[in-house]
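Here is a friendly walk through one protein model, with its helices and cores in view. Have a look at the structure first, then read on.

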Amino acid sequence: MTQSTPGGPATDLPDFRPSGNQGVDPALYEIENAAMDREGALWAALQEAAPWAGRTLLDLGAGTGFWLPRYADAAETIAVEPDVRLLGAARARPGGARVLYGSAEQIPLPEASVDVVHARFAYFFPHPRWDVRPGLDEVTRVLRPGGALVVIDNDTERGQFAELLRASTNAAAQGQDTYAREWWAGIGAETREVMSSWTFDSRADLEAVLRLEFERGVADAWLAEHPATTSLSYGYLLHVWR
């Protein structure tokens, strides 16, 4: 049986909800991804938290596959994405990743088949109103002994991006406080803080991305307060669960 969200694709994955950024404007989200962490601080922290060289890595919720070429030193890279509209772009990325249709709660892989799972701004936003444990159970099923799940999350306390999150009504659905950090600590995960940035090639790109991610009033107010910038500080949290 399939279901659909208004304006979104039909799906037989009950845990899938189309994103409000990549699912709306994949081309603009490409610009957003290209602006992320140009200094490499986040990428270095990911490699330190759970090295994937020579191992099997699963990019869970891979979207259009922007990050897949960065895993070239993995023995095998697998991408799982629930939005059928994005699968073609992910499969066209260089590097030969295996791209599959699936979701956090329905990973189309056998038990104990991967070493590292990355989930980037997808599904694993613990919140009082919903339970992410079914997805965690499914990740546990596919991880090999000694494997790790690394969840890339937004820091809601540090950096200019955190200021925007706290001002946004829409962001409340993914959390604007320390609930997620506390939830992950409660199940024995380690959380690492990483400060990086968004750095755009033009002011127009920055303005367009902020208006994609935030309500027009929130984005415009921030832009008015920062009239000359093409970058902002961006804090990340890496929740590492083994």
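This is a predicted model: local features need pLDDT of at least 70, side-chain atom pairs count only at pLDDT 80 or more; totals for chains, interfaces and linings use all residues.

Let us begin with helix H4, which spans residues 133-142. Its buried residues are Gly-135, Leu-136, Glu-138, Val-139 and Val-142. Because these residues fall within an arc of 160° seen down the axis, they line one face of H4. They pack against strands E3 (56-60), E6 (114-120) and E7 (143-154), against helix H6 (179-186), and against E9.

Apart from neighbours within four places in sequence, Glu-138 is in contact with Ala-104, Glu-105, Gln-106 and Ile-107.

Helix H8 (residues 216-225) can be read in a similar way. Val-218, Ala-219, Trp-222 and Leu-223 are its buried residues. They sit on the same side of H8, because they cover an arc of only 125° around the axis. The general rule behind such patterns is that an α-helix has 3.6 residues a turn, so residues three or four places apart point the same way. On the face of H8 turned away from the buried side are the exposed residues Arg-216, Gly-217, Ala-224 and Glu-225.

| Partner of H8 | Residues |
|---|---|
| helix H5 | 160-167 |
| helix H7 | 203-213 |
| strand E9 | 231-241 |

How do the axes of H7 and H8 cross? They come within 8 Å of one another, at an angle of roughly 145°. On the H7 side, Arg-203, Leu-206, Glu-207, Leu-210 and Arg-211 take part, meeting Arg-216, Ala-219, Asp-220, Trp-222 and Leu-223 of H8. By class, this contact has five nonpolar and five charged residues, with no polar ones.

Now for the cores. The largest nonpolar core has 47 residues, of which Leu-46, Trp-52, Trp-198, Leu-210, Leu-232, Tyr-236 and Leu-238 touch the most other members. A second, separate core of 23 residues includes Leu-58, Leu-136, Trp-184 and Trp-241. Beyond its neighbours within four places in sequence, Leu-238 is in contact with residues including Leu-42, Leu-46, Val-150, Ile-152 and Val-194.

Finally, an unreviewed UniProt entry lists residues 58-151 as "domain: Methyltransferase type". In the model, the end C-alpha atoms of that span lie 12 Å apart, and the span is 19% helix and 31% strand.

Terms used: Residues are numbered from 1 along each chain as its sequence is written. Side-chain values use heavy atoms; hydrogens and water are left out. Helices (H or I, at least four residues) and strands (E, at least two) are DSSP runs, numbered from the N terminus. Contact means heavy atoms within 4.5 Å. A nonpolar core is a set of buried Ala, Val, Leu, Ile, Met, Phe, Trp, Tyr and Cys residues joined through side-chain atoms within 4.5 Å. Buried means under 20% relative accessible area, exposed over 50%, partly exposed in between (1.4 Å probe, protein chains only). The arc is that of the directions from the helix axis to the C-beta atoms. UniProt positions are given in the numbering used here, feature names are shortened, and annotations may be inferred rather than shown by experiment. Axes are lines fitted to C-alpha atoms, for helices over the stretch in contact, and angles run from 0 to 180 degrees between N-to-C directions. Ala, Val, Leu, Ile, Met, Phe, Trp, Tyr, Cys and Pro count as nonpolar, Asp, Glu, Lys and Arg as charged, and the others, Gly among them, as polar.
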